[in-house]
Amino acid sequence: DDDNTSVGTGSHDEERQRACLEEIQQFYNEPNSSHKKTSWGSLFEWVYPIYSAQWSTFRDLAGLDAYFFLRYIRMCFKITAVSTVWATIILCPVYATGGGGQTGFYHFSMANILQDDKGRV
């Protein structure tokens with residue numbers, strides 16, 4: 001039984017990983033690449049390559065666990081971003097005009113709402 005389709009050989013996976021790694025190396029080594037080091041230094045250098053990479057690259061290099069974890073994190077980020085926009089538009093003005101006399105950050109929090117003012121809570 002010389003069956004070349006046996007599971008676990010890994011040669012196809014290794015070829016795909018090697019191709020992805022070569023693509024990433026070419027991405028960074030292009031002479032006219034705008035993806036070289038940025039002027040902000042190494043702290044934010046990772047942001048653009050992460051957001052510009054294809055999802056198939058993550059799946060091929062890191063596997064399905066990392067692929068779905070990163071997609072889950074992206075979904076959580078989007079939900080948090082939408083919630084933050086609505087909180088800024090609606091909640092901050094309501095809390096800021098609460099009349100509780102708080103200062104600093106507390107001026108924009110629920111601590112600035114008077115206890116007797118049930119309509120704002």
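I take buried to mean under 20% relative accessible area, exposed over 50%, and partly exposed in between, with a 1.4 Å probe and protein chains only.

Basis of the entries. I am working with a predicted model, in which local features need pLDDT of at least 70 and side-chain atom pairs count only at pLDDT 80 or more, while totals for chains, interfaces and linings use all residues. I number residues from 1 along each chain as its sequence is written, and side-chain values use heavy atoms, with hydrogens and water left out.

Entry on cysteines. I searched for disulfides (a pair of cysteine sulfur atoms within 2.5 Å) and recorded zero in the structure. Such a bond would be a covalent link between the sulfur atoms of two cysteines.

Entry on the overall fold. I assigned helices (H or I, at least four residues) and strands (E, at least two) as DSSP runs numbered from the N terminus. I found four helices and zero strands in the protein, in the order α-α-α-α from the N terminus on. Of the 121 residues, 12% are buried. I count a contact when heavy atoms lie within 4.5 Å. Among the contacts with a separation of 6 or more, 20% join residues 24 or more positions apart. For the surface I used accessible areas from the Shrake-Rupley method with a 1.4 Å probe, where for residues only the protein chains shown count as cover. The protein exposes about 10,100 Å², and carbon and sulfur atoms supply 59% of that area.

Entry on helix α3. Which residues of α3 are buried? I list Thr 57, Phe 58 and Asp 60. Asp 60 belongs to helix α3, residues 55-62, and counts as buried because its relative accessibility is 16%. Setting aside neighbours within four places in sequence, I find Asp 60 in contact with Arg 16, Gln 17 and Cys 20. After α3 comes Gly 63, with a positive phi near 95°.

Entry on aromatic rings. I pair rings of Phe, Tyr and Trp (its six-membered ring) if their centres lie within 6.5 Å; planes under 30 degrees apart count as stacked, over 60 as edge-to-face and the rest as tilted. The whole structure gives four aromatic pairs. Trp 55 and Phe 58 form a tilted pair, because their ring centres are 5.5 Å apart and their planes stand at 50°. Both residues lie in helix α3, three residues apart, about one turn of the helix. An α-helix has 3.6 residues a turn, so residues three or four places apart point the same way. Phe 58 is buried at 17% relative accessibility, whereas Trp 55 is partly exposed at 24%.

I then examined Trp 55 with Tyr 67: the ring centres are 6.0 Å apart and the planes are at 80°, so I class the pair as edge-to-face. Trp 55 is in helix α3 and Tyr 67 in helix α4, so this pair ties together parts 12 residues apart in sequence. Tyr 67 is buried, at a relative accessible area of 10%. I note one aromatic cluster formed by Trp 55, Phe 58, Tyr 67 and Phe 68.

Entry on charges over rings. I require NZ of Lys or CZ of Arg within 6 Å of the ring centre and within 35 degrees of the ring normal. The charged end of Arg 59 sits over the ring of Tyr 67, 5.6 Å from its centre. Arg 71 lies over the face of Trp 55, 5.7 Å from the ring centre.

Entry on Ser 109. I place Ser 109 in the segment after α4 (64-96). Is Ser 109 buried or exposed? Ser 109 counts as buried, because its relative accessibility is 14%. A polar atom of the Ser 109 side chain lies 3.0 Å from the backbone oxygen of Tyr 106.

Terms used. Polar contact = N/O pair within 3.5 Å; in protein donor to acceptor, adjacent residues only side chain to side chain.
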